[in-house]
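Dear colleague,

Please find below the structure that I am handing over to you.

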Amino acid sequence: MILSAASVLLGKNKNATKTKIALACCLVMLSGAATAAQPEAGTFKMGIEPWLGYGQWHVASHEGIFKKQGLENVDIINFAEDKDINAALASGKIDGANIATHTAMAMVSAGLPIKVVLLLDQSETADALLVGKDITSLQQLKGKQVAYEEGTTSDILLHSAIASAGMKWGDIIPVPMPADSAGSALIAKRVPAAVTYEPYISAAKKQDPSLTMLYSGSSDPGLIGDVLVVRESVIKDKPGQVAALIKSWDAALTHYQANTQADRAIIAKAVGAAPADLETAFDGVKYYSLADNKKVLSHSFADQTFVHVLKAATAAGLIPKPVTAAQVIDASFVNGL
């Protein structure tokens, strides 16, 4: 509303050009002042799961980066399953969370007051459908059991795989279970196929080298990704903390790029795996920097990726009602830093 009123005023001013420049400078300074503000006092409670894509938070914690960015304390709270972290976010027990893109959409669709403020990662081969040696094509899954975790990236990836093969959901026998159990069920031959993610993929393949990756995030680029969401009340009351968190992620990623092996060891320990077991798993994850976010969050991600993920998640029955990118994304932090 301020910009709209200012535009009307400028249209009637003989010195419009000079006034426009002055107003623009003023707005830039105000924006800079907002993002340059020191983080508010208190603890930021962040929900997280044992997933490589969230690894830079562990690097930030280990290297003291949160403190360097002025944050008093960041409490990284671990959850075993998506449903648990989602419940904590919905009840206000945590201020923000690291969740899948489609999960953020579903939450906003359900009326939860949160916003996506940062793109974290994109899974390429770190989310996958694993099968035993007797299955060599998606069509061979017809009539067979497939283990996966409902409502998660595993759910949406399995729907994508089935659709890509020209099959219907009813062509398979879904077997819902936590992602960490899906790989175990496959190894124990209780199911012939399972969808899971790292570090569980590497753990399963280590125990049974005959397992193969039949479909993965790279099979449908952009479908499987993760974001940082923050409750709208926190965005309003503690914008300095949110900005500092984003800068912390970027600083951690810079540190990771310069100290890759050491930082991979930090991340591996945090997710409960040995670095050697995840040697190739890390290569299946793309991390987004602040610069990447500036380029894509309010552009190609909002215009293209969002639409694609929303369509897939809706088809999988994970979105209660339609939502728009504007309802879900707040790019003001990344664009203002």
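Which residues does L310 touch, not counting residues up to four places away in sequence? With those set aside, L310 touches M105, I319 and V323, where contact means heavy atoms within 4.5 Å.

Before the further findings, two remarks on the basis of the work are needed. This is a predicted model, in which local features need pLDDT of at least 70 and side-chain atom pairs count only at pLDDT 80 or more, while totals for chains, interfaces and linings use all residues. Residues are numbered from 1 along each chain as its sequence is written, and side-chain values use heavy atoms, with hydrogens and water left out.

The chain as a whole

The secondary structure of the protein chain comes to 15 helices and 11 strands; these are DSSP runs numbered from the N terminus, helices being H or I of at least four residues and strands E of at least two. Of the 337 residues, 51% count as buried, a term that means under 20% relative accessible area, with exposed over 50% and partly exposed in between (1.4 Å probe, protein chains only). Among contacts between residues at least 6 apart in sequence, 80% join residues at least 24 apart.

Two individual residues

L310 lies in helix α13 (residues 290–315). L310 counts as buried because its relative accessibility is 16%. The C-alpha atoms of L310 and T101 are separated by 8.9 Å, although these residues are 209 residues apart along the chain.

T152 is placed in the loop between β6 (145–148) and α7 (153–164). At 1% relative accessibility, T152 therefore counts as buried. Leaving aside neighbours within four places in sequence, T152 is in contact with D82 and H102.

Helix α3 (residues 55–62) is mostly covered, with six of its eight residues buried. These are G55, Q56, W57, H58, V59 and A60. After α3 comes G64, whose phi is positive, near 70°.

α3 packs with helix α12 (residues 260–270) at an angle of about 110°, their axes being 9 Å apart. Axes are lines fitted to C-alpha atoms, for helices over the stretch in contact, and angles run from 0 to 180 degrees between N-to-C directions. α3 and α12 are therefore roughly perpendicular to each other; angles of 65 to 115 degrees count as such, those under 35 as roughly parallel, those over 145 as roughly antiparallel and the rest as oblique. From α3, G55, Q56, H58, V59 and H62 meet D263, I266, I267 and A270 of α12. By class, this contact has four nonpolar, four polar and one charged residues. Here Ala, Val, Leu, Ile, Met, Phe, Trp, Tyr, Cys and Pro count as nonpolar, Asp, Glu, Lys and Arg as charged, and the others, Gly among them, as polar.

Helices α8 and α9

Helix α8 (residues 179–187) and helix α9 (residues 200–207) pack at an angle of about 15°, with their axes 9 Å apart. α8 and α9 are therefore roughly parallel to each other. A179, D180, G183 and I187 of α8 make the contact with Y200, A204 and Q207 of α9. The residues of this contact divide into four nonpolar, two polar and one charged.

In α9, the buried residues are Y200, I201, S202 and A204. They pack against β5 (127–131), α8, β8 (193–197) and β9 (212–216).

Yours sincerely
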